[in-house]
2 protein chains.
Amino acid sequence: MTKIPHRLYLTEDQMPQRWFNLRSAMAEQPDPMLHPATLQPLGVDDLAPIFCTELAKQELDGATEFIDIPEEIQEVYKMYRPSPLIRAYNLERALGTPARIYYKFEGNNTSGSHKLNSAVAQAYYAKMQGLTGVTTETGAGQWGTALSEACSYFGLTCDVFMVKCSYEQKPFRKAVMGVFDADVTPSPSNLTEVGRKILAENPGTTGSLGCAISEAVEAAVGSGGKKRYVLGSVLNQVLLHQSIIGLESKIAMEQLGEYPDVVVGCAGGGSNLGGLIAPFMADKLKGVKNPRIVAVEPASCPSLTRGKYAYDFCDTGRVTPLARMYTLGCGFIPSASHAGGLRYHGMSPVLSKLYHDGHMEAVAYEQTRVFEAAVLFAKQETILPAPESAHAIRGAIDEALKCKESGEAKTILFGLTGTGYFDMTAYENYLTGKMTDHIPTDEELQKGFDSLPDIPQNKGI
Amino acid sequence: MTKIPHRLYLTEDQMPQRWFNLRSAMAEQPDPMLHPATLQPLGVDDLAPIFCTELAKQELDGATEFIDIPEEIQEVYKMYRPSPLIRAYNLERALGTPARIYYKFEGNNTSGSHKLNSAVAQAYYAKMQGLTGVTTETGAGQWGTALSEACSYFGLTCDVFMVKCSYEQKPFRKAVMGVFDADVTPSPSNLTEVGRKILAENPGTTGSLGCAISEAVEAAVGSGGKKRYVLGSVLNQVLLHQSIIGLESKIAMEQLGEYPDVVVGCAGGGSNLGGLIAPFMADKLKGVKNPRIVAVEPASCPSLTRGKYAYDFCDTGRVTPLARMYTLGCGFIPSASHAGGLRYHGMSPVLSKLYHDGHMEAVAYEQTRVFEAAVLFAKQETILPAPESAHAIRGAIDEALKCKESGEAKTILFGLTGTGYFDMTAYENYLTGKMTDHIPTDEELQKGFDSLPDIPQNKGI
């Protein structure tokens with residue numbers, strides 16, 4: 001048998017030309033998004049003032065199995081894709097595990113993460129619709145960077161509301177977005193009504209993703225129809241675009257004669273996890289294969305492991321539609337001590353449904369254990385991982401250590417979503433022993449749950 | 001004809017297993033390094049207290065054409081190589097040039113640059129010799145990061161003297177090195193005699209690469225034989241290791257049916273340029289092909305375009321051997337306004353000889369023009385280039401624009417040595433109009449030339 005190479009890159013003609021819609025493989029669909037005023041399921045017309053029309057259609061389309069990737073998007077994908085599937089020989093050796101560990105590395109582009117996969121798609125559809133620009137929020141900054149890059153490519157303006165604590169902790173993220181001519185504002189800001197309201201109520205707030213979303217939505221809706229709002233995670237459309245990760249991974253593993261026993265991904269809003277697992281989860285739902293699917297989340301923002309499956313707003317300002325998802329409550333704000341992303345109060349409705357129905361596992365880690373894994377990984381694999389990605393590394397390492405104990409040579413696939421070059425403050429805190437963990441108390445969680453909308457659909461939750 | 005893909009990655013079995021020694025193709029060898037006290041050509045024994053023995057041999061070996069890459073080094077190369085050869089379709093379109101532009105991208109590893117290619121080799125030989133660690137200097141920080149990474153892999157300590165202005169401008173570079181357990185000291189420091197002397201003479205100095213070299217050499221020589229000094233550029237051995245860049249490029253271009261009409265690389269000490277051009281320059285020297293070879297350097301540190309071809313110290317403290325090279329004088333310190341690397345006073349003796357004999361061209365650019373190219377490139381090619389690398393981009397763009405004028409569809413190959421994630425301060429200065437250019441006056445240059453050693457070999461220079 002030929003030795004499996006360290007890195008496998010598909011050739012251009014092997015790259016997927018269609019996105020895969022995981023919902024099409026689900027016997028039961030996720031519950032529909034509801035209009036916050038009428039509590040009725042949303043149609044394309046309801047979404048059109050917020051989202052680009054084509055994206056609104058994708059958002060609501062649970063039936064179509066494959067959606068062609070427009071050629072213009074494929075052209076951009078070819079600029080930085082295919083991403084490599086890497087065999088973690090060194091990590092395996094360092095752990096002394098019989099497991100075979102693979103990871104799909106999405107950090108090889110300026111945005112430093114997988115976020116560009118959906119940013120390119122969303123910017124493209126905005127351009128096709130004749131819009132002048134888009135608005136968005138960003139937390140750790142990867143989504144904002146990716147969107148800036150995509151907008152610059154397609155000639156759109158890009159207004160980014162950046163969670164204030166990230167804005168202050170990561171001045172260089174703003175500079176990268178500046179290279180791509182994006183307009184970056186710390187959130188909450190005085191530019192929007194919702195921002196002014198949040199600032200008035202809580203002047204010292206460091207912001208949250210939910211709050212930045214509220215501001216970005218308001219900015220889009222108030223643009224006189226010239227702009228739309230775009231989001232880097234949570235939404236069905238984002239998972240659709242991110243399916244390119246899983247599709248490439250599956251083709252590459254097939255070329256190696258491999259199929260994962262376990263697929264591990266980090267989970268904030270679910271963009272990477274949903275994309276990575278898509279074809280494998282479909283196999284599982286169809287009974288063709290039976291991989292374990294493991295979501296890894298931070299213990300400081302544990303939406304899957306400690307959240308409620310309820311209808312909730314996607315934002316803090318309570319202006320978005322309601323989605324049924326695992327959530328800590330739209331009023332939940334994770335501890336400021338938590339580094340990096342994965343700070344979102346909710347979780348993709350698709351993933352929430354799959355988790356609720358028992359097709360997926362979830363595990364939560366404290367950040368010091370996550371950074372321990374990040375440093376080990378960096379030393380072994382010549383990639384400095386983003387803190388978000390390091391959650392998946394931690395999960396994969398622990399699966400590999402279980403194999404060491406049991407002697408099983410399982411095949412583990414995990415998603416390495418991006419690089420940590422803009423997270424050195426967090427690394428430094430970890431290396432100098434200054435990093436602390438914060439696990440929310442039950443009381444803190446209850447405070448978040450109290451912010452869940454009081455609607456009939458949430459009775460008894 | 002099949003369309004040329006955006007990115008070509010060699011497979012593992014296509015990767016070179018031997019380094020190529022460009023000196024073996026030179027009819028006339030570079031002048032030998034001289035002992036600073038005796039002014040006699042150096043032998044392995046002279047170099048052994050400073051360099052690892054195997055590396056000292058490589059340094060002095062101008063004859064051997066190919067040197068096998070030890071298997072352990074090949075194993076590490078496979079963790080982050082082959083690097084992609086990328087066709088810059090978008091950049092070509094943006095420029096409207098008939099030229100075909102290719103670049104070899106070396107930034108896909110934690111060190112963010114090509115420097116890892118030689119760091120791995122030097123750390124390996126140090127380990128094989130039974131040393132406990134190595135000492136080095138770093139300017140922009142890429143070499144220090146690469147060496148830290150390599151030392152961590154092979155279990156060696158790594159003492160890095162980092163040019164003070166970089167240390168202060170790039171705190172996160174230090175943090176990355178910290179991930180790999182390196183010991184980083186701003187230079188000049190109080191840890192060495194030469195550092196204390198320089199500080200006493202010029203307490204406000206922001207340091208220089210030459211000065212950091214002096215400190216690192218002293219720290220190695222004073223280690224009781226347990227450590228050796230390693231250098232990331234200038235040396236013959238470094239160019240040998242970096243030949244992997246050119247060898248991979250040539251194989252990849254052959255697969256595409258291409259051969260470069262022009263090869264462009266940035267030039268600080270010459271590590272990337274020497275590696276990139278090696279097989280193409282050999283073709284030229286042998287008369288097989290006739291590519292133009294263009295070195296691009298900063299106008300603020302113009303060793304090739306305005307320096308003297310003379311014997312000079314490799315460091316500011318005047319403790320190293322003497323090398324005949326294009327140099328601004330070991331006392332030359334570039335303006336603090338100059339961003340990024342390429343701050344070295346001299347140039348690889350191999351490249352200096354080739355330039356002196358007319359086999360290579362050189363051009364110098366002001367940094368604002370370099371950053372203009374960097375931003376254009378980032379927008380078109382989804383890679384945020386390092387300022388050093390952006391010199392090559394500027395050079396390649398100008399070659400492509402010449403093609404636009406003449407209508408010639410030339411094939412241009414340039415080296416994209418690394419990413420600019422740690423250079424956002426410089427980007428921000430450029431984007432906000434705060435970046436200034438400094439071209440040394442003739443008087444400033446003369447001051448540097450006055451520091452050239454007053455030895456018989458330099459008479460009449």
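Let's start at a proline: B:Pro82 sits in the loop that runs between α3 (71-80) and β4 (85-87) of chain B. Helices here are DSSP runs of H or I with at least four residues, strands are runs of E with at least two, and both are numbered from the N terminus. The peptide bond that joins B:Arg81 to B:Pro82 is cis, with an omega of about -10°.

Before going on, a word about the model. The model is predicted, so local features need pLDDT of at least 70 and side-chain atom pairs count only at pLDDT 80 or more, while totals for chains, interfaces and linings use all residues. Residues are numbered from 1 along each chain as its sequence is written, chains are lettered from A and ligands numbered from 1 in the order in which they are written, and side-chain values use heavy atoms, with hydrogens and water left out.

Chain B has another cis peptide bond to look at, between B:Ser187 and B:Pro188, where omega is about 5°. B:Pro188 belongs to the loop between β8 (183-187) and α9 (193-201) of chain B. Phi of B:Asp181 is near 65°, a positive value in a residue other than glycine. B:Asp181 is exposed, because its relative accessible area is 53% (exposed means over 50%, buried under 20% and partly exposed in between, using a 1.4 Å probe and protein chains only). Look for A:Leu39 in the loop between β2 (18-20) and α1 (44-47) of chain A. Most residues other than glycine have a negative phi, and most peptide bonds are trans.

Now for the strands. In chain B, all five of the five residues of β10 (residues 262-266) are buried. One side of β10(B) carries B:Val262, B:Val264 and B:Cys266, the other B:Val263 and B:Gly265, and both faces are covered. In a regular strand the side chains alternate between the two faces of the sheet. β10(B) runs parallel to β11 (residues 292-298) of chain B, joined by five bridges, and B:Val264 stands opposite B:Val294 in β11(B).

Over in chain A, seven strands make an open sheet with mixed pairing, in the order β1-β4-β5-β15-β10-β11-β14 (two strands pair if DSSP finds at least two bridges between them). Its edge strands, each pairing on one side only, are β1 (7-8) and β14 (361-365) of chain A. Within the sheet, β5 (residues 100-105) and β15 (residues 411-416) of chain A run parallel and are joined by six bridges. A:Lys104 stands opposite A:Gly415 in β15(A).

Finally, step back to chain A as a whole, with its 18 helices and 15 strands. For 461 residues a compact globule would have a radius of gyration near 23 Å, and the 20 Å of chain A agrees with that (taken over C-alpha atoms; the rule is 2.2 Å times the number of residues to the power 0.38). The C-alpha atoms fill a box of roughly 60 × 50 × 50 Å along the principal axes. Buried residues make up 67% of the 461 residues in chain A. Of the contacts in chain A with a separation of 6 or more, 76% come from residues 24 or more positions apart, where contact means heavy atoms within 4.5 Å.
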